[in-house]
Amino acid sequence: MRMSRQDAAQNRTRVVRTAGEMFREHGYDGVGIAALMQAAGLTNGAFYKQFASKEALLAEATEDALARNAEAWETVLQEAEGDPLAAVARWYLSKPHLSHRGLGCTYATLGAEAPRHEVPVREAFDAGLRKTLSQIAEAAAETGTPASEAAAIRLLSRLVGALVLARAVSDPALAQDILTANANAEDTP
């Protein structure tokens with residue numbers, strides 16, 4: 001039975017979303033095609049009908065995951081009461097975000113792996129990073145804070161670095177100390 005274009009598009013979206021979660025949870029190289037397709041509820045053959053290669057999927061899944069990250073940032077920034085940058089820092093450096101790599105920040109889970117992959121993966125990071133920095137600068141400007149690119153880069157780097165370190169340690173108290181110290185920092189842009 002032949003699949004409709006709509007069904008094929010839905011299947012592709014399901015594979016991309018599943019891949020994004022699995023890559024964030026296990027790393028790019030920690031997920032094979034067979035496990036990915038099984039998790040998406042499809043056959044291995046369906047993968048090769050949808051994607052030219054695993055690298056092509058890496059780039060598309062990264063782009064999608066970063067777009068979803070941007071949507072989450074936008075929601076937090078828009079719903080923040082008071083200082084939106086302080087609100088995003090508290091949200092980003094929270095216990096739930098610490099505990100859920102697969103649904104969390106793509107920068108913190110895959111940023112260190114991206115340089116080992118083809119240019120389209122890094123280009124997805126370029127575009128995602130520019131979007132997030134723009135969101136931070138716009139939020140800073142709305143609060144009357146000077147919205148420099150350098151300040152936005154510092155804030156994002158601090159948040160991502162803190163999350164990476166908090167996830168890396170085995171001591172939950174130390175992980176919480178890392179999150180708290182960075183969520184409450186006064187040097188937001």
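This is a predicted model: local features need pLDDT of at least 70, side-chain atom pairs count only at pLDDT 80 or more; totals for chains, interfaces and linings use all residues.

**Entry 1: Val88.** I started with Val88, which I found in helix H5. Helices here are DSSP runs (H or I, at least four residues), numbered from the N terminus. Residues are numbered from 1 along each chain as its sequence is written, and side-chain values use heavy atoms, with hydrogens and water left out.

Is Val88 buried or exposed? Val88 is buried, at a relative accessible area of 0%; buried means under 20% (1.4 Å probe, protein chains only). I then looked up its contacts (heavy atoms within 4.5 Å). Leaving out residues up to four places away in sequence, Val88 touches Trp73, Val76 and Leu77. For scale, I checked Ala8: from Val88 it is 80 residues away in sequence and 36 Å in space, C-alpha to C-alpha.

**Entry 2: H5 on H9.** Next I took the pair H5 (residues 84-92) and H9 (residues 149-168), which pack at about 15° with axes 10 Å apart. Axes are lines fitted to C-alpha atoms over the stretch in contact, and angles run from 0 to 180 degrees between N-to-C directions. That angle makes H5 roughly parallel to H9, a label for angles under 35 degrees. Which residues meet here? Leu85, Ala89 and Tyr92 of H5 meet Leu155, Arg158, Leu159, Val160 and Leu163 of H9. By class I noted seven nonpolar residues, no polar ones and one charged; Ala, Val, Leu, Ile, Met, Phe, Trp, Tyr, Cys and Pro count as nonpolar, Asp, Glu, Lys and Arg as charged, and the others, Gly among them, as polar.

**Entry 3: H9 itself.** I counted 20 residues in H9, reaching 28 Å from first C-alpha to last, close to the 28 Å expected; the expected span is 1.5 Å times one less than the number of residues. Its buried residues include Ala152, Leu156, Arg158 and Arg167. The buried residues of H9 pack against H4, H5, H6, H7, H8 and H10.

**Entry 4: H9 on H10.** Last, I looked at H9 and H10, which pack at about 170° with axes 8 Å apart. That makes H9 roughly antiparallel to H10, the label for angles over 145 degrees. From H9, Arg158, Ala162, Leu163, Leu165 and Ala166 meet Ala175, Ile178, Leu179 and Asn182 of H10. I logged this contact as seven nonpolar, one polar and one charged.

Note on methods
Helices (H or I, at least four residues) and strands (E, at least two) are DSSP runs, numbered from the N terminus. Angles under 35 degrees count as roughly parallel, over 145 as roughly antiparallel, 65 to 115 as roughly perpendicular and the rest as oblique. Buried means under 20% relative accessible area, exposed over 50%, partly exposed in between (1.4 Å probe, protein chains only).
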